[in-house]
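Have the model open while you read.

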Amino acid sequence: MSTPRVFIIRHGETEWSLNGRHTGTTELPLTANGEKRIRATGQALVGDDRLIVPSQLAHIYVSPRKRAQRTFELLNLGCRDSLPWQDSQQVQGLDIRTEAKVQVDDDIREWDYGDYEGLTSATIREQRTTNGEEPWDIWRDGCPGGEYVEQMP
């Protein structure tokens, strides 16, 4: 029996990740380049002779964010069952490579940036300086109107 491993894969490029804007709850699609790069990543990392061997996957957790779900789809792991966010009539393809169950789990979603949603770190620092606040440290200050570290699962 091989040693258990965990793979963490971040979603592909969106317009906001491309220009450094904090994206938590806002649903943004992947860019065309983001989709292209995720497909290439899947081809490079997924396969019987690759880092991620689909037949050896036990369980798959996916964020409820559409960008994460699309990223997962593009990796082309070959899941037997329809994905939880898809119509059960949708066919995953004929290339079944894994029996792993896919579960959407809110605990792995990106956090809620609240008032900082859609802003760059530079803009947040400027706002805080203008308001006489310390420089922003997400781990110390959290996100006004959003979540704080203490609220994370």
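At what angle do H2 and H3 pack, and how far apart are their axes? Bear in mind that this is a predicted model. The two helices pack at an angle of about 45°, and their axes lie 8 Å apart. An angle between 35 and 65 degrees is neither roughly parallel nor roughly perpendicular, so H2 and H3 count as oblique to each other. As for handedness, the crossing of H2 and H3 is right-handed.

Who touches whom here? From H2, the residues involved are Glu-35, Ile-38, Arg-39 and Gly-42, and they meet Arg-70, Thr-71, Leu-74 and Leu-75 of H3.

Now for H2 itself. This helix covers residues 32-45, and its 14 residues should span 20 Å at 1.5 Å a residue; the end C-alpha atoms are 20 Å apart, so the two agree.

| Residues in H2 | State |
|---|---|
| Gly-34, Glu-35, Ile-38, Gly-42 | buried |
| Ala-32, Lys-36, Arg-37, Gln-43 | exposed |

Gly-34, Glu-35, Ile-38 and Gly-42 are the buried set. Looking down the axis of H2, the buried residues fall within an arc of 100°, so they line one face of the helix. The exposed residues Ala-32, Lys-36, Arg-37 and Gln-43 sit on the other side. And what covers the buried residues? Helix H3 (66-75) is part of the cover.

Methods. Residues numbered from 1 in each chain as written. Predicted model: local features only at pLDDT ≥ 70, side-chain atom pairs only at ≥ 80, totals over all residues. Heavy atoms only, no water. Helix = DSSP H or I, 4+ residues; strand = E, 2+ residues; numbered from the N terminus. Expected span 1.5 Å × (residues − 1). Buried < 20%, exposed > 50% of the residue type's maximum accessible area, 1.4 Å probe, protein only. Arc of directions from axis to C-beta. Contact = heavy atoms within 4.5 Å. Axes fitted to C-alpha atoms, helices over the stretch in contact; angles between N-to-C directions. Parallel < 35°, antiparallel > 145°, perpendicular 65-115°, else oblique. Left-handed = near helix turned anticlockwise from the far one by under 90°.
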